[in-house]
Amino acid sequence: MTSSPTSTPRQPAAEHRPSFEHALYEAAGIAALGPSSHNCQPWGVAWPTGRGARRAAERLVDEAHGGSAEAAARISGVTSADGNETDEYVILALDRERELTSLPAHAVEMLISCGAYLQILLRALAAQGWSTDRVRFVEPLAGERRSGTRDACRSLGDTWPVSWSPLCVVRLRRTDEASGSLAGLRRTALARRTNRAPYRPDAVEPAVLDGLCAPPAGAAEGADVTVRHLVADSEREVFAGFVARHGGRDFSHRQAWRETYSFVRRDAAEAEERGDGFPLSQLFGPMPTPRRLALRVALAPTTMSVLRYAGYHRLLARQLARVVRQTPAVVAMGFADPAPGVEATVRGGARLAEYWSRATDAGLVLHPVSVVLQHDDVRTELQDRLGLPGRTFFVSRLGRPLTDFPRSPRRTGARAVRTI
């Protein structure tokens, strides 16, 4: 009896493999559905295709890992036996034209949004046979938030978008072995949304909460983030009371509210056409047209500047606190480092995306209560009251929905992708 040679998985013929371009646009379409502060979608992703841009991307990656004996070969792209490149690069960027700037805390929110996008993008690429090989984060020099990445931008060539600041360079390697289900990832991304409606009063089972905190993979791996669930009545009462006292801060802050209101669209049709922002139904749920028009006028910055003297912002805060008080759980996520850099912040956003995806798969919904984090004095007080370490960057209601809520409009994935 003779033994047969060990068989190996059959690789698809080169002509039947989806191109990286196809895989990238598929992934970008799914990643575009990720969490985004104010639905401003401040991310961009560059695909280096020119020789100079590829050389620059290669250098940036290898500099972070002490160089490589194979670097010279990779500059032109490692090739397989059939002549197809097996390495590709993508560069995650912050689009300065889409970022929020009215509050210092928005700088963290923008990187969190970009990190969430990166996590979903890389998971979707892995599901199509493109695994992450290396990641290099671009840390600006101290005190040079905008100029610290100038050299990196210059090295990427004249086609680099002038409003983009690179955050990290990722080298991907073709494996032709799918990691996870692309269809499943797309279903989760489409189902994920912010639900501001009341939730069922049922407690979220401890085993479910533990599952949400399981070690993450992808860009979220290595994120130094703490996750705390507030489920005790006393903790949630403290949080609700805090929201009642401070939840109107943004409405009374002229610059911050003016920027927020710039993302409020006239109706769902305008929001869909523009692909960002949100109609009032996204904030308050479906409502008849007369109430929607009246509320739009009442929330306008000019009106709010007058109504705040009558305490209208405090009324809105109490309404939010009432919904928070009835929520079965609140989740708080924080950086271990009180002053995280680019890498820590982006990875924190990736951790948030992974948590939210798991919550969606478990039939749970979230409603971020960002107003208590966007002002440093309020955030510090909240952390002191609840004993939250480091720097809290995300706090949200968590539970099972009583009703569905509309999904926020998004730009097509292709609009965030540039070839350079």
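F20 has a relative accessibility of 4%, so this residue counts as buried in what is a predicted model. W130, at 2% relative accessibility, is likewise counted as buried. The structure holds 8 aromatic pairs, and F20 and W130 make one of them, with ring centres 4.8 Å apart and planes at 70°, so the pair is edge-to-face. A search of the whole structure also finds 23 salt bridges, and several of these are described below.

**Aromatic pairs and cluster**

- F20 belongs to helix α1 (residues 20-31) while W130 belongs to strand β3 (residues 130-137), so their pair ties together parts that are 110 residues apart in sequence.
- F335 counts as buried at 2% relative accessibility, and F393 counts as buried at 10%.

**Charges over rings**

- The charged end of R192 sits over the ring of W356, at 4.6 Å from the ring centre.
- R308 lies over the face of Y309, and here the distance to the ring centre is 4.6 Å.

- D62 and R171 form a salt bridge in which the closest N and O atoms are 3.7 Å apart.
- This pair links helix α2 (residues 51-63), where D62 lies, with strand β4 (residues 164-174), where R171 lies, and the two residues are 109 residues apart.
- D62 counts as buried at 4% relative accessibility, and R171 is buried with a relative accessible area of 0%.
- D62 and R171 also belong to a network of salt bridges that links them with E58, D87, D133, R134 and R173.
- The side chains of R325 and E237 meet in a salt bridge of 3.1 Å, N to O.
- R325 is in helix α15 (residues 312-325) and E237 in helix α8 (residues 233-246), so the pair ties together parts that are 88 residues apart in sequence.
- R325 is partly exposed, with a relative accessible area of 35%, and E237 counts as partly exposed at 38% relative accessibility.

**A salt bridge within one helix**

- D376 forms a salt bridge with R379, and the closest N and O atoms are 3.4 Å apart.
- Because D376 and R379 are 3 residues apart in helix α17 (residues 376-386), they are separated by about one helical turn.
- D376 is partly exposed, with a relative accessible area of 38%, whereas R379 is buried, with a relative accessible area of 10%.

Key. Residues numbered from 1 in each chain as written. Predicted model: local features only at pLDDT ≥ 70, side-chain atom pairs only at ≥ 80, totals over all residues. Heavy atoms only, no water. Phe/Tyr/Trp six-rings, centres within 6.5 Å; stacked < 30°, edge-to-face > 60°. Helix = DSSP H or I, 4+ residues; strand = E, 2+ residues; numbered from the N terminus. Buried < 20%, exposed > 50% of the residue type's maximum accessible area, 1.4 Å probe, protein only. Lys NZ or Arg CZ within 6 Å of the ring centre and 35° of its normal. Salt bridge = Lys/Arg side-chain N within 4 Å of Asp/Glu carboxyl O.
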